[in-house]
Amino acid sequence: MAASTSTSHPLTNRINRIQESATMAVAAEAGRLRAQGVDIADFSAGEPHFDTPQHIKDAAIAAINANFTRYTPVSGTVELRQAITARHAADFGSDYRPEETIASTGGKQVLFNAFQVLVDHGDEVILPAPYWVSFNDIIRYCGGTPVVVETDESQGFSLTAAMVEHALTPRTRVILLNSPSNPSGAVMKSEDMHALLQLAARRNLIVISDECYAYLDFTGKRFSLGGAAKEQAERDHLLVVGSLSKTYAMTGWRLGFGMGPKWIVSAMNKLQSQSTSNPTSVVQKAGVAALTGPQDCLGPMVAEYIRLRDRAVEGLRAIPGIQCTQPGGAFYVFPNVSAYLREGVAKTPAELAGRLLREANVALVPGEAFGSQKHVRISYPTSMENIEKGLERMKKFFTALK
Ligand code: PLP
């Protein structure tokens, strides 16, 4: 019998295997303090601080007024899937067709669908750490076992095929990649990503490449494994996951996509047909406007993220004892706070984050959520003023602990 919270109505084993997203839990706690009038420097939620560009909002309003408010095909309209594949082809040199594409309610649903259709009870998934908070729980929800492959901060959190090869077993089904990474901001070398895909093709495994931050690559390159996979054997073993959330400041709209072999995409479509059906119709029209409209909103957003990142890294490095690698992309910094993890201060990043929230009114996410016992994650899309305020508070807090 499953563990339960009520003797009369037990919950399933699978729901008891997972926890609520830690990022959201911190944001909620910060929200509660704010409601009590506390001024919080909030670096918890991973989302752009920009507004959605006007032409995208206009497209949604026009869609409502044109009564584009009915069900659409489960995997999104052909118009949307064509816009997704054309944008991806233009930006990354890929060659997917609409029937190899599914649109879902955020990249998160794409990932959820993908793991549900690819991972059975007892199957193993290679999960490089530090990892995005939801990967671990989504894999465990389907009964899969995450096999964590640690990456090294001193090597820029890089992941190579050799590191993964050691962790493969006959039960391995999926290798999960996420570049640029949430939470470290690390950008994988394209050769390493390609070598991992070749390894997967040789061993008949699937690479799920979460590229939700592909446009937030500050190293100056635009890379998708979907564009690099030219051989049929590579394409057959790759599912690319993308999202409009971060690229176009559209987190609340909930639109993401998956591109890959038809047998995987069709299975995801089947699952989605029995759960949420199509992503919201008017959001699909907004998505078409985002993907086919002017792309000149991206440059200024990226330039601002780089400015904020540089200041955050500089300010954190100025705090005695804190180490901070320079992230190559996404919009997070992942400082190492282990110098402060000791008896009498805080034993874990979670305890330290709790003290930072209560005593310095700085909200950030403890590393445990991402598989690290040494770091905290700071999400920096916010005003420069807020960054300065947060840095000052952290400096004061940590200096008092030294
Ligand atoms: N993948 C990663 C690594 C993320 O950080 C996120 C969101 O934070 C997602 C996927 C899902 O994003 P969304 O569902 O908003 O598309």
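Student: How do the residues lining the second largest cavity divide by class?

Tutor: First, this is a predicted model, in which local features need pLDDT of at least 70 and side-chain atom pairs count only at pLDDT 80 or more, while totals for chains, interfaces and linings use all residues. Residues are numbered from 1 along each chain as its sequence is written, and side-chain values use heavy atoms, without hydrogens and water. A cavity is a set of points on a 1 Å grid over the protein atoms alone where a 1.4 Å probe fits but cannot get out, with lining residues having an atom within 4 Å of a point. With Gly counted as polar and Tyr as nonpolar, the lining divides into 12 nonpolar, 4 polar and 2 charged residues.

Student: Which residues lie closest to the centre of the second largest cavity?

Tutor: This cavity holds about 140 Å³ of space. Helix H4 (78–92) and strand S7 (238–243) each supply at least two lining residues. Of the 18 residues in the lining, the closest to the centre are His88, Phe92, Tyr215, Gly242 and Phe257.

Student: Where does the ligand sit?

Tutor: Look for an open set of grid points with protein on both sides within 12 Å along at least five of seven lines, which is a pocket. A molecule sits in one if more than half of its atoms lie within 2 Å of its grid points. By that test the ligand's place is the largest pocket.

Student: What volume does the largest pocket have?

Tutor: Its lining is made of 25 residues, with Met24, Gly46, Lys108, Trp132 and Lys246 nearest the centre. Helix H2 (22–35), H5 and helix H6 (133–141) each give two or more residues to this lining. The pocket's volume is about 530 Å³.

Student: How much of the ligand does the protein bury?

Tutor: A polar side-chain atom of Asp210 lies 2.5 Å from a ligand nitrogen. The side chains of Tyr213 and Arg254 each place an N or O atom 2.7 Å from an oxygen atom of the ligand. Taken alone, the ligand exposes 390 Å² (Shrake-Rupley method, 1.4 Å probe), and the protein buries 93%.

Technical notes. Polar contact = N/O pair within 3.5 Å; in protein donor to acceptor, adjacent residues only side chain to side chain. Points joined across faces, edges and corners; volume = space filled by probe spheres on them. Helix = DSSP H or I, 4+ residues; strand = E, 2+ residues; numbered from the N terminus.
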